[in-house]
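I opened my notebook today to look around inside a protein model. Here is what I looked up, entry by entry.

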Amino acid sequence: MMDKIDNIVGNVLKINKSNLVLRLEKSFDEACENDNFKKVVKRIKLPKKELMKYTTKLEKTTIELNNCKNCKNVIECKNEVEGCVYYPEVNGDQLIFNYVTCKKKQELDKKLMYQDNISCFCMPKEIKNASMKDILVDDKARFETIKWLKKFIDDYSNNLPTKGLFLTGNFGCGKTYLISAMMNELAKKGHRVVIIYYPEFLRSLKASFSNNDDNFDYKFNYIKKSELLLIDDIGADSVTEWSRDEVLGTLLQYRMQEKLVTFFTSNLNLKQLEEHLSFSNKGIDKIKARRIIERIKQLSTELVMIGENKRK
């Protein structure tokens, strides 16, 4: 009796398996009516009986490859994983499907690789993407600054002695963007750059210091020892003895001794900045303010840029 039951079950399984193979073959043959699908399977060195098992996945590959034909850039990518193609690879007698980066994504990644050399603290995204080729030259007030920055790139790239720049000017004339664009060009050449929005950096440091956070030393030393540093909007902060003497004074002293190139942007000129730094929460101290200014002068060349407000 049991032998009879086993035979019946065995026959049923054979029939089901046979029906499954027929359905797989039918599905595969129907898919092969698509010329693009046929091109995909033709590249794969496996027999039909194996390829039939992957019809659905191969159809997905076909669709994604077809999407790539008409794709102009990664932003327009229609595939499931942006910038990738669901692609098969032969592994023994099986197909393994993985997401493979497309050529356009590879090109974009290579193009943006330099951004690993850029550290920004509380700066807008456009700063990390700033480029010299995108600088608008419709404002003549920018010419001298652009000329200075281009010369700096050449000199620094050729290991010539260089000082940074203290760029002062009216609100919104593009001081930060110009210097950031120049620093990004150097990042593309492998140099490490740091760009900080100074008022917010101070607030962050103060919070870490007040909470006895170990992150304080890391943040401060990372900024202090960076190869190229832009201190953006210096003079926009509220002055305390701690921020002026312990933070800014120590930072500038170290960079001056180590000959590390430092840039500054400010709406104040050096004379105005000196006056601003004289007034702290503990009163007036012109001597300490003068020390800060002398360090800035050692580190940079002052340049005035009064131009059109680009933020209107």
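**Entry 1: the cores**

I began with the largest nonpolar core, which has 30 residues, and found that Phe 152, Ile 179, Met 182, Met 183, Leu 228 and Phe 263 touch the most other members. A nonpolar core here is a set of buried Ala, Val, Leu, Ile, Met, Phe, Trp, Tyr and Cys residues joined through side-chain atoms within 4.5 Å. Buried means under 20% relative accessible area, exposed means over 50%, and partly exposed is in between (1.4 Å probe, protein chains only).

I noted that this is a predicted model, where local features need pLDDT of at least 70 and side-chain atom pairs count only at pLDDT 80 or more, while totals for chains, interfaces and linings use all residues. Residues are numbered from 1 along each chain as its sequence is written, and side-chain values use heavy atoms, with hydrogens and water left out.

Helices (H or I, at least four residues) and strands (E, at least two) are DSSP runs, numbered from the N terminus.

I then followed Ile 179 and listed its partners: Leu 149, Leu 165, Leu 167, Leu 230, Phe 263, Phe 264 and Thr 265, leaving out residues up to four places away in sequence. Contact means heavy atoms within 4.5 Å.

I also found a second, separate core of 27 residues, with Val 194, Leu 202, Leu 248 and Ala 289 among them.

**Entry 2: two residues with positive phi**

I looked up Asn 159, which has a positive phi of about 60° although it is not a glycine. Asn 159 sits in the loop between helix 7 (143–157) and strand 4 (164–169). Is Asn 159 buried or exposed? Asn 159 counts as exposed, because its relative accessibility is 70%.

Lys 259 is not a glycine either, and its phi is positive at about 55°. I located Lys 259 in the loop between helix 11 (241–257) and strand 7 (261–266). Lys 259 is exposed, with a relative accessible area of 73%.

**Entry 3: cysteines**

I searched for disulfides, pairs of cysteine sulfur atoms within 2.5 Å, and counted 0. Cys 77 is in no disulfide, and its nearest cysteine sulfur, in Cys 71, is 5.5 Å away.
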